[in-house]
Each structure stands twice: as structure tokens, then as C-alpha cells.
Amino acid sequence: MAVSIARPFENSINTPTPKKFIVGDSYHWNYGFNYIEWATKNGPFFLNDTLVFKYDPPTPKTFPHSVYLLPNHESFIKCDLKNAKMQGNTKQGAGNGFEFVLKVSQPHYFACGEHDGIHCLNGTMKFFVTPMDPSHH
């Protein structure tokens with residue numbers, strides 16, 4: 001019995017059409033939301049899928065957010081940002097947000113890096129995805 005993937009196929013090669021995911025759905029990229037649960041619920045992710053990070057720009061009444069890509073699982077667990085690469089600064093999430101395309105089939109560890117990673121350290125503003133290569137399903 002064949003297993004189907006719940007995505008439209010764009011051609012007869014059985015390649016799923018890339019999808020766009022707004023990280024956090026309507027909650028966007030904000031403090032106090034469980035993004036690990038969100039990623040689990042929205043997966044699987046495939047190569048060429050796009051993650052859209054939306055968050056309010058900093059104001060005197062809001063806490064700023066950013067998006068960092070951490071280099072490995074250990075840095076993700078510890079929220080160690082010293083070798084992380086900023087993907088989105090505190091202003092890039094405004095409006096339509098910014099997009100991150102999953103181009104390699106390896107774990108991608110994301111975290112908010114503001115305030116020395118405190119939003120990551122509390123366990124909420126971080127998640128990881130490992131996009132699957134659709135040609136190997």
C-alpha cells in the first residue's frame with residue numbers, strides 16, 4: 001500500500017510543491033509560544049519550503065526579537081549564540097516578515113538572540129527543522 005504525502009504534486013516526478021510556513025501561524029515570532037510544538041505539528045518540512053518570520057519592530061513598549069541560525073544541536077540546547085549567524089535583525093520581521101528557504105537537508109536550529117538569548121533560554125523562542133529531500137521519500 002502506497003503512502004501519500006498531503007501536498008499537491010507539481011509534476012509526475014513526485015516532487016511536492018514547496019510550501020510557505022508562517023512561523024508560529026497567527027501568533028508569529030513572539031515570546032511565550034511553543035515553537036518546538038509548532039514545528040512538530042506543521043512538519044514534515046521539505047527542501048525548498050520557506051519559513052516566514054514575522055515579528056513587530058522594536059518600540060519602547062515591545063521587546064525586540066531577532067532570528068539566529070545556530071550551528072549545532074549542542075548550541076541549540078544551551079542557546080549558545082557565539083557561533084550563530086543572524087538571519088533576521090530586530091527590524092526585518094516587520095510587515096511581510098523575511099523568508100528563509102530550506103535549501104539543505106540537514107537540521108536547521110533557529111532561536112531568538114535578543115537580550116543574550118533569554119527568549120531562547122526560557123525554552124520557547126527556539127525550534128529546529130530538518131527538511132526532507134522529496135526525491136528520497
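## Disulfide

A disulfide is a pair of cysteine sulfur atoms within 2.5 Å. The structure, a predicted model, holds 1 disulfide: Cys79 and Cys120 form it, with their sulfur atoms 2.0 Å apart. Because the torsion about the S-S bond of Cys79 and Cys120 is about -80 degrees, the disulfide is left-handed. Cys79 lies in the loop between helix H2 (73-78) and strand E4 (85-88) and Cys120 in helix H3 (residues 114-121), so the pair ties together parts that are 41 residues apart in sequence. Helices (H or I, at least four residues) and strands (E, at least two) are DSSP runs, numbered from the N terminus.

## Burial of the cysteines

Buried denotes under 20% relative accessible area, exposed over 50%, and partly exposed in between (1.4 Å probe, protein chains only). Cys79 is buried at 7%, and Cys120 is buried at 0%. Cys112 is in no disulfide; the nearest cysteine sulfur, that of Cys120, is 8.2 Å away. Cys112 also counts as buried, at 0% relative accessibility.

## Surroundings of Lys20

Lys20 lies in strand E1 (residues 20-22) and is exposed, with a relative accessible area of 56%. Leaving aside residues up to four places away in sequence, Lys20 touches Thr50, Val52 and Glu99, where contact means heavy atoms within 4.5 Å.

Lys20 and Glu99 are 79 residues apart along the chain, and their C-alpha atoms are separated by 8.7 Å. Their side chains are joined by a polar contact of 2.6 Å (a pair of N or O atoms within 3.5 Å; within protein, one must be able to donate a hydrogen and the other to accept it, and residues adjacent in sequence count only if both atoms are side-chain atoms).

## Basis of the values

Residues are numbered from 1 along each chain as its sequence is written, and side-chain values use heavy atoms, leaving out hydrogens and water. Local features need pLDDT of at least 70 and side-chain atom pairs count only at pLDDT 80 or more, whereas totals for chains, interfaces and linings use all residues.
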